[in-house]
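Trainee: Could you walk me through this one while I have it open?

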Amino acid sequence: MTSTIILKGGTVLYHDDADNVTALKDTDVLVTGNLITEIGKNINVPPGTTVIDCHGKIISPGFIDTHHHMWQTQLKGRHMDETLLEYMASGNPQSFNYTPEDMFWGQLGGCLEAIDAGTTFVLDHSHSIYTAEHATQCLAASSASGLRLIYAYSAVSIPLTSWTKDSIMLSSDILPAWSLDQLEALATSQPFGNGRVTIGLGFDFFFLPREIIIGIFNRFRKAGVKVITCHVSKNAVCGTGSIVTLLHEYGLLGPDIVLSHATGLTPDEHALLYSAGANVSSTPTSEAQMGLGWPVALHSGVHGSLGVDSHAFCESSILSEARTLLLLARQEGNLKLLERGEFPQRLVARARDAFNLATVGGARALGMEGKIGRVRVGYLADLVVVDGRSPAMSGVAEWDPVVAVLGHSSVRDVETVIVDGVVRKKDGKLVAVELEGGERLGWEAVAEKLATSREEVQERIATVEVGLAKKLLMGMWHIDESKIKAVA
Ligand SMILES: [Zn+2]
C-alpha cells in the first residue's frame, strides 16, 4: 500500500518559477508515496495517513550538497587546522588505511550526519576506491542510509601500493581496468536504494593524455552516469594550468559537469563554464580554510550550488555553508571598496540568494530541476521541517521564515527530515536504518560501530609517515616549494 504523510499547518517555503520564495502560512503538505501530491489549507486527511503536526514550524525543501567526500567520517577532527597541501598528505590518501568495512561505516556515518542536518541529496565524490569492495560497501551504506545520493565513483587521487614509516610507493596504475569496468557495470545497472542512489563519475586526472580523458568521459556518459565532477582550483598547490580550457578544447563541458571550488579562475574561464551550462559547487568553509580563495557561487555568471566538502574538517550542514558563503561574498565585495577608502551602498547578496543555492541551485547543478529543490506538487518529497519556536528561532520565524532558516537555525532545530517520502529524522532524532538483510540499527549502534572502526583506522594511520606522502605529492603535482610561505 502507498504510504501517505501529511505535514499539517506549517509555514511552507514556496518557490515560484522565478525562484522567488514566499511563505505560505497555516498550510498542509500531503505526501503520497515519494511525491508531494497536494499543498493547501485544511487538506482532507486520507485514512491511514501519518500526521506530522507542523504548527509553529517551517516546511522547507531539503538541502542539497553538491560536493562531499562521505567516506571520511573516521578522519573527523584531524584536519581543521590544515591547508590543502597538509590535508592532501595527511587526510586524502588515508583510504589506503580503510578496509571495505571501514568504508561502510564511514559512508553510513557521513550520510546520517548529513540527514541530521537537513541534507536530503548529496553528490558524493568518492576518491577512495582501492578495491571493488570499497565501492560496493559505500553503495550499500548509501542505500541503507536513506539519503538521496549520486555516488561519483572515483579512482584514488594518490594511489599507493605501500606506505609505512620508512617508505611510500605510488601505483603505476592510476585508473585500474577493474575500476573502470566496475563503474561501467554500476552505471548500467543503476539506480540503487529504491531509486535514490545513482551513479556519477569523479575525475581528477587531467595529466593523462587527451585521448584517454575524452575516451573516459565518453564511455561513462554513454553508460549513463548522471554527473561528472572534478576538483578545480588554480593556485600554487593545485597548479595554474587551465582545466576549464582543457575541458572546453576537448569538447567535454556540458550541463552534467559539476566543478568543485572553481576558485582562482579567470573571467574567461568562468564564461566558458557558464555558456556550456556547467555547474560550480562552492564549499566556503573548506575553501577559506584550505587556501583556495574566495568562493564564487554567488558571483554573477556562475551556475552555483553549495557543498560541505568534508565533514572531517567542518560540520556537515549546507545551511552553515550557505551562511558562510554569504558572509565571505559580502566581505569580498565590501573589501574592494574599503581598501579604496570607500563604503558599500548595499551588500552584494541577499539571504534568499544563499537559500536558493542550498535548494533550487543544487537541484539544477545535479540535473534534477523540476523534480527536487522546491516544495511543489509533483516534486519528489525531500522535505525538512524546522522548529520555528526554539530559543534561536522564536521571533525571527514569524518575521521572515526564510531568514530564520537560512540565518538563525541550527542542526538542533531540524526536527523532521523526509527523503523520497520516507521519514528519516523524527522529533529531532534520526530514525533507525535498515541494512541489507533486514537488520535495523539506531544511531547509537551506528556510533558504536564507527567508534571501533575509527580506532582501527587510527591505529593503521599511526604506522605511516605523512611526511613521505607530502614529498610524493610535491613531486606528483610539480609543486614549487619556494611558493609555500608562512602567512605574514
Ligand atoms: Zn573535495
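Mentor: We will start with some ground rules and then turn to the metal site and the chain.

Mentor: This is a predicted model, where local features need pLDDT of at least 70 and side-chain atom pairs count only at pLDDT 80 or more, while totals for chains, interfaces and linings use all residues. Residues are numbered from 1 along each chain as its sequence is written, and side-chain values use heavy atoms, with hydrogens and water left out.

Trainee: Okay, which residues are the protein donors of the zinc ion?

Mentor: They are His67, His69 and His231, each through NE2, and Asp309 through OD, at 2.1 to 2.4 Å from the zinc ion. Donors here are N, O and S atoms within 2.8 Å of the metal (3.2 Å for Na, K and Ca), and sites may look incomplete because water is not among the atoms.

Trainee: And what is the spacing of those donors along the chain?

Mentor: The spacing reads H-x1-H-x161-H-x77-D.

Trainee: Is His67 buried or exposed?

Mentor: His67 is buried, since its relative accessibility is 0%, and His69 is buried too, with a relative accessible area of 1%. Buried means under 20% relative accessible area, exposed over 50%, and partly exposed in between, using a 1.4 Å probe and protein chains only.

Trainee: Switching topic, how much of the whole chain is buried?

Mentor: Buried residues are 57% of the 488 residues in the protein chain. Along its principal axes, the C-alpha trace spans about 65 × 65 × 40 Å.
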